[in-house]
Amino acid sequence: MKKIPNWLMQELPYKHSWIDVNGKNMHIMEKGEGKPIVMVHGNPMWGYLYKKVLKGLDNSHKYIIPDLIGFGFSDKIKLNEHSLEAHSKWMAEFFLSIKEEKIGLVVHDWGGMIGIAGAMKAGKKIDGLVVMNTAITAPKDGFKPTWFHSLSQMPIISNLLFRGLNFPLSFLHRFANTPESFDQKAMKAYKYPFRNFKDNCGPLALARMVPNSMHHPSVPLEQEIEEYLKEYNGPAQIVWGMNDPVMWKLRRRTSRLLPQAKVVKTTAGHFVQEETPDEVIAAINKAVSYTHLRAHETKANLVCRLLLE
């Protein structure tokens, strides 16, 4: 377990703890009491990504933010230990530590696939879903990987960039549309868990976890997750940074998978929690407020009702 420095504790004045997930220590941050709302970060971030969002939420729910294994203050692992299957199992163990059956879920980037897979494998009922700039649909035949993920597959170049030059962490402003979002204090916080070379393989590993062909090992589980979400008829919100240089194409596909979701288009780049936190806060409050929905309500009925509201 890693000691969190005082300057970070002052910025994140919440409950911090660690739980064992299949032999790895996962760092957890919590605020509030009540219905559990889990917020999962993606690549190359950690729970600090939700700092502005947490500050704007009241204590009427229990907000739980885990650091993915290999990120933040969770245990660091070797490059070849990362896989979607492994992360989904660690996340399932995390969800099993939550006693409630129903949970709200807020996901971004790789937090989408990993978070949803973990809830699915743990048998939790998702009761409110907020999706932000992520891929929660599986690739289809003939797809082309993005420039970012193609770059991660180039052996020598990717190691130099991701590990030697700390890409993309040192270049977060390139993925933003609001320049002042990543100030000096925020950059210090994001970089801190990866300050040692031996600990910084996570961003490269997660970039390589993105399929570059239909034979990639992530594809079968991604297909399973997409099928699982097709059956989800609960409340949902989509908050999308329209200036995302990597995932800008995926909004429409996400909307088709979650037709009941209201789509909130923002001026942000990839990291909407940093750039447009108010929109994220509003979406969370909206999604988790529908806890009174009848379990048997069909997706078609839910779509109609939400559109009328």
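## Basis of the description

Residues are numbered from 1 along each chain as its sequence is written, and side-chain values use heavy atoms, with hydrogens and water left out. Because the model is predicted, local features need pLDDT of at least 70 and side-chain atom pairs count only at pLDDT 80 or more, while totals for chains, interfaces and linings use all residues.

## How α6 meets α8

Helix α6 spans residues 155-164 and helix α8 residues 202-209, helices being DSSP runs (H or I, at least four residues) numbered from the N terminus. Their axes, which are lines fitted to C-alpha atoms over the stretch in contact, come within 9 Å and cross at roughly 135°, an angle that makes α6 oblique to α8.

In the contact (heavy atoms within 4.5 Å), P155, S158, N159, F162 and R163 of α6 meet P203, L204, A207 and R208 of α8. These residues divide into five nonpolar, two polar and two charged, where Ala, Val, Leu, Ile, Met, Phe, Trp, Tyr, Cys and Pro count as nonpolar, Asp, Glu, Lys and Arg as charged, and the others, Gly among them, as polar.

## The two faces of α6

S158, F162 and R163 of α6 are buried, that is, under 20% relative accessible area with a 1.4 Å probe and protein chains only. They lie on the same side of α6 because they cover an arc of only 90° around the axis, taken from the directions from the helix axis to the C-beta atoms. The buried residues of α6 pack against α5 (147-152) and α8.

The face turned away from this buried side carries I156, L160 and G164, which are exposed (over 50% relative accessible area).

Technical notes: Axes fitted to C-alpha atoms, helices over the stretch in contact; angles between N-to-C directions. Parallel < 35°, antiparallel > 145°, perpendicular 65-115°, else oblique.
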